[in-house]
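Welcome! Open the structure in your viewer and let's walk through it one selection at a time.

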Amino acid sequence: MIEFREDQPRWQQAAQVIRERIAAGVYRPGSRVPSENDLMQEFGIARMTAHKAMRALREEGAIYTVRGMGSFVSPPDTSSPSKA
């Protein structure tokens, strides 16, 4: 379990942990991310908290969900010009 700070909602902190794991390559593009049940177990959070974290990640495009299969890391955004 992670230790949550009191200055930010737990769902935001859980989503940030997943973002950091994606950035670090722990979860690679196309790989499966933990389910809401897995997040509940790992972080010691309620289902709604896990759901809000996953929804936030989906809305920002970090992950996508395939019904019946789970959630996966989105491919990198190649539409924006690269910084030279």
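The model on your screen is a predicted one. Begin by selecting Val33, Leu39, Phe43, Ile45, Met54, Leu57 and Ile63: among the 17 residues of the largest nonpolar core, these touch the most other members. Helices α1, α2 and α3 each contribute at least two residues to this core.

Stay with Leu57 for a moment. Which residues does Leu57 touch, leaving aside those up to four places away in sequence? Show Ala15, Ile18, Arg19, Ala62 and Ile63, and you have them.

## Next stop: α1 and α2

Now colour helix α1, residues 10-23, and helix α2, residues 36-43. Their axes lie 12 Å apart, and the two helices pack at an angle of about 105°. Angles of 65 to 115 degrees count as roughly perpendicular, so that is how α1 and α2 stand to each other. To see the contact, select Ala14, Val17, Ile18 and Arg21 on the α1 side, then Leu39, Glu42 and Phe43 on the α2 side. Sorted by class, this contact has 5 nonpolar and 2 charged residues, with no polar ones.

## Last stop: α2 and α3

The crossing of α2 past α3 is right-handed. Which residues of α2 and α3 meet? From α2, pick Glu36, Asn37, Leu39 and Met40; from α3, pick Arg47, Ala50, His51 and Met54. This contact of α2 with α3 has 4 nonpolar, 2 polar and 2 charged residues.

Definitions and conventions
Residues are numbered from 1 along each chain as its sequence is written. This is a predicted model: local features need pLDDT of at least 70, side-chain atom pairs count only at pLDDT 80 or more; totals for chains, interfaces and linings use all residues. Side-chain values use heavy atoms; hydrogens and water are left out. Axes are lines fitted to C-alpha atoms, for helices over the stretch in contact, and angles run from 0 to 180 degrees between N-to-C directions. Helices (H or I, at least four residues) and strands (E, at least two) are DSSP runs, numbered from the N terminus. Angles under 35 degrees count as roughly parallel, over 145 as roughly antiparallel, 65 to 115 as roughly perpendicular and the rest as oblique. Contact means heavy atoms within 4.5 Å. Ala, Val, Leu, Ile, Met, Phe, Trp, Tyr, Cys and Pro count as nonpolar, Asp, Glu, Lys and Arg as charged, and the others, Gly among them, as polar. A crossing is left-handed if the near helix is turned anticlockwise from the far one by less than a right angle, and right-handed if clockwise. A nonpolar core is a set of buried Ala, Val, Leu, Ile, Met, Phe, Trp, Tyr and Cys residues joined through side-chain atoms within 4.5 Å. Buried means under 20% relative accessible area, exposed over 50%, partly exposed in between (1.4 Å probe, protein chains only).
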